[in-house]
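Here are my notes on the two-chain model, point by point. Have the viewer open while you read.

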Amino acid sequence: MQAFVDSLIQQGYFTGMPTQVVYAIAMIAAAFAVLSFFVAPLAGVTSWLERRVWARMQSRVGPNRVGPQGILQWLADGIKNLLKEDLIPAAADQLLFPLAPYIVFIGFLCTFVVIPFGSNLIVADLDIGILYLLAVTSIVVVGILMAGWSSNNKWSLLGGMRSAAQIVSYEIPAGLAVLSIIFLAGTMSTQGIIKNQGWAPWDWYLFNNPFTFIAFFLYFTAALAEGNRTPFDIPEAESELVAGYVTEYSGMRFLFFFFAEWGNLYVIGAVATILFLGGWQVPAVGDGLIEGVLQFVVFFLKAYLWVFVAMWVRATLPRVRVDQLMALCWKYMVPLSFLCVIGTAAWMVVFPHGNRWASVGMFVLGVVILLLFFGRVRYQIRHSKPELYLRPYI
Amino acid sequence: MSEAVYPQSEVFHTEDMTISVGPQHPSTHGVLRFVVRTDGEVIGEAIPDVGYLHRSIEKIGEKCTYHGYVPYTDRADYLAAMFANQGFCMAAEKLAATEVTRRGEFCRVIACELNRIASHLISVGTFGQDIGAITPFLHALRERETINDLMEEICGARLTYNYIRIGGVGYDITQETCDKILTFLDHFDPIVDEYNRLLSYNKIYIERLANVAVITKEEAFQYNLVGPNLRASGIKWDIRRDIPYSVYPELDFEVPVGHGEKGTLGDCYDRYWVRMQELQESSKIVRQCLKMMPKGPAISKVPRKFKPPAGEVYVRVEAPRGDMGYYVVSDGSEYPYRVRIRTGSFTAMGIIDKLSRGIMVADLIALIASLDVDAPEIDR
């Protein structure tokens, strides 16, 4: 992005304007473009897709009225929520209560600065990309805690406290899982990490060594917990805490929390793709435009696959209890992620140039696990009973 | 008042928080209310506050004729209306020494056991939902919907049936309906396995329920628990088996009891698991009844002006939430002098305060769900 703006300046498009002003305009334009052409439709369509996927898994129909297959349902929901009364309880903190949704939203939106869409499509390729990403996602917890406390509602407070404890705890395994990849890549830039991998699965960091393989699952689990998704959705557990920290919110402010949650699903998938799944890497095709489009499609599909997995997990699993959540993190995931970091470091000492045999072996192992998994899924689908419709005299 | 679970620090002073759970809380199964005193996530005490769904059904009984009161009994427990019907009709029949036709008895048992399946499906489904698994709930409701269709075919109503009348049942079950019930049971039996694969054997689910809110045998007796809650504590007590009524002595069925399946005897998982097994037992009973059903009238001749002689009776039926008792006093007139209904959920509410001390907020929800308390049945 910066290179693109620099080239425009050099070509003389902005003569007479200070460079800083041009940069500022470019930043605002980029933020606008990313928000309105990618993030908003993405979060909306994800909300629709989640409801449809859930409905299928639960033998329901789901929203199918607005637009073909109900795909515009998110627009209808957005308009509905905009028109609703924006209620601020009299006992709520008048400053923090309205502010909290924006903090959550900013924490989520800022991650898109370093998430690439292709080899040239990135807002800013920061040298500290991944560190920046971990840092801005931590802002979300501030927003949630603000929402929980300022609502002046005991359920909200419990939800906010749970969320704070949960997100802070799960940052550690997520951060350590990321650290082992930073060791391998030698850079924190997102583009740099992707460039160090190849298009072939055995060139991905996922299959680099056994420790990164574990680190991937650690990262994904921890990211689900950070995103407040089932089975870790205890901060907004509707059967326990009514609606957790969003209990008192209504209208668009309420929607902002869920906007961030659904958008955050894509961020989880995108970071997993950057770190472990080779990012936008595609085989060389030659043509620049086709390659660019292909890169975008490949990256998007890899990232969105994990959105689907998160939906699937949410439709399947019950919720863990808050002490079990903490035990899982501190007793199992943190030691395991330390093991991954040390293991990856040791692996780099033993095999300074990587081990191709190990990569291919890990790849075969991954395929075998996947096949076993889908075999099990096939068994469940074949043995599942559809609805029995007896047609009484209606 | 239990002691605070964590030691109080002199530097950081903490206070207990009083929260009102309900009556609009999503997982209180209707309109229950608990006044919960918590230390953060850990509950100090949870005091049940009942009475939000009181409709004076017992008092209405004194103003209705015996025939006219049957539809009101439906409302005593609308998830298992058939049993409330049956309890009152049995009480009236006992007062007046009315015979029930044999086909009528079989129709009653078929309808009741189908209703038990429907009620237990709600119970285990909402259990899953309270723990956070939403899919099993909808799968359970899907099957219950089919039972509702069958009920509609049997008696024309889907929820409040008014099917069992004094002297028999309102409508005979036709052969066509019998075939449909059999089709449903053939479909339903594998569903239980599917449900087990999806929910019962789920590691997270077991972790959430095993060893939580354990009710020992002695406590179950002391707090007068009934039905699946009592059996989950390892006590083999079932009115259908021990104080037999209707045609149950002729039928072959097991009484499932808790064995500490995944944890301690009498924990939440045992209460869940007993209900899952009762689903299969009820299916077995309905199959036997369909085979054994004799020909004949479904209802015996009962005078329209039903005037039982003066006296009092107490009859018990085994409802999905346990022993449901009807105490009916007759003064020889058309109207009952007094009707008193004893329900399982009301006594189950009593033990919640004792069990909730020292458990977490999430466990309280699991405990309420595992006792399968039903708001209309508590207050009546």
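**Notes on the model**

1. Let's start with a loop in chain B. N224(B) sits in the loop that links α8 (217-222) to α9 (228-232) of chain B. Helices here are DSSP runs of H or I with at least four residues, strands are runs of E with at least two, and both are numbered from the N terminus. The phi of N224(B) is near 60°, a positive value in a residue other than glycine. Most residues other than glycine have a negative phi. N224(B) counts as partly exposed because 16 other C-beta atoms lie within 10 Å; the cut-offs are 20 or more for buried, 12 or fewer for exposed, and partly exposed in between, with C-beta atoms placed from the backbone.

2. Before going on, some bookkeeping. This is a predicted model, in which local features need pLDDT of at least 70 and side-chain atom pairs count only at pLDDT 80 or more, while totals for chains, interfaces and linings use all residues. Residues are numbered from 1 along each chain as its sequence is written, and chains are lettered from A and ligands numbered from 1 in the order in which they are written.

3. R380(B) is another one to check. R380(B) has a positive phi of about 60° although it is not a glycine, and its place is in the segment after α14 (375-379) of chain B. Is R380(B) buried or exposed? R380(B) is buried, since 24 other C-beta atoms lie within 10 Å.

4. Now the sheet in chain B. Strands β6, β7 and β8 of chain B form an open sheet in that order, with antiparallel pairing; two strands pair if DSSP finds at least two bridges between them. At the edges are β6 (311-319) and β8 (336-342) of chain B, each pairing on one side only. From one strand to the next the twist averages 15°. Helix α3 (residues 81-96) of chain B packs on this sheet and touches β6 and β7 of chain B, its direction making about 150° with that of β6(B). Axes are lines fitted to C-alpha atoms, for helices over the stretch in contact, and angles run from 0 to 180 degrees between N-to-C directions.

5. Zoom in on β7 (residues 322-330) of chain B: six bridges join β7(B) to β8(B), and the two run antiparallel. S330(B) stands opposite P336(B) in β8(B), and G325(B) has R342(B) as its bridge partner in β8(B). The hairpin of β7(B) and β8(B) has five residues between the strands, and G332(B) in that hairpin takes a positive phi near 85°.

6. Helices α3 (residues 73-83) and α11 (residues 251-276) of chain A pack at an angle of about 140°, with axes 6 Å apart. That makes α3(A) oblique to α11(A); under 35 degrees counts as roughly parallel, over 145 as roughly antiparallel, 65 to 115 as roughly perpendicular and the rest as oblique. G78(A), N81(A) and L82(A) in α3(A) meet G251(A), M252(A), F254(A) and L255(A) in α11(A). Residues are in contact if their C-beta atoms, placed from the backbone, lie within 7 Å. By class, this helix contact has four nonpolar, three polar and no charged residues; Ala, Val, Leu, Ile, Met, Phe, Trp, Tyr, Cys and Pro count as nonpolar, Asp, Glu, Lys and Arg as charged, and the others, Gly among them, as polar.

7. How many residues of chain B are in contact with chain A? The answer is 38 residues of chain B, in contact with 31 residues of chain A. Elements of chain B that each supply at least two residues to that side include β1 (17-21), α4 (102-131) and α13 (361-371). The largest share, nine residues, comes from α5(B). By class, that side of chain B has 16 nonpolar, eleven polar and eleven charged residues.

8. Last, the overall dimensions. Along its principal axes the C-alpha trace spans about 65 × 65 × 45 Å in chain A and about 80 × 45 × 35 Å in chain B. Of the 394 residues of chain A, 42% count as buried; for the 380 residues of chain B the figure is 52%.

Key: Contact = placed C-beta atoms within 7 Å.
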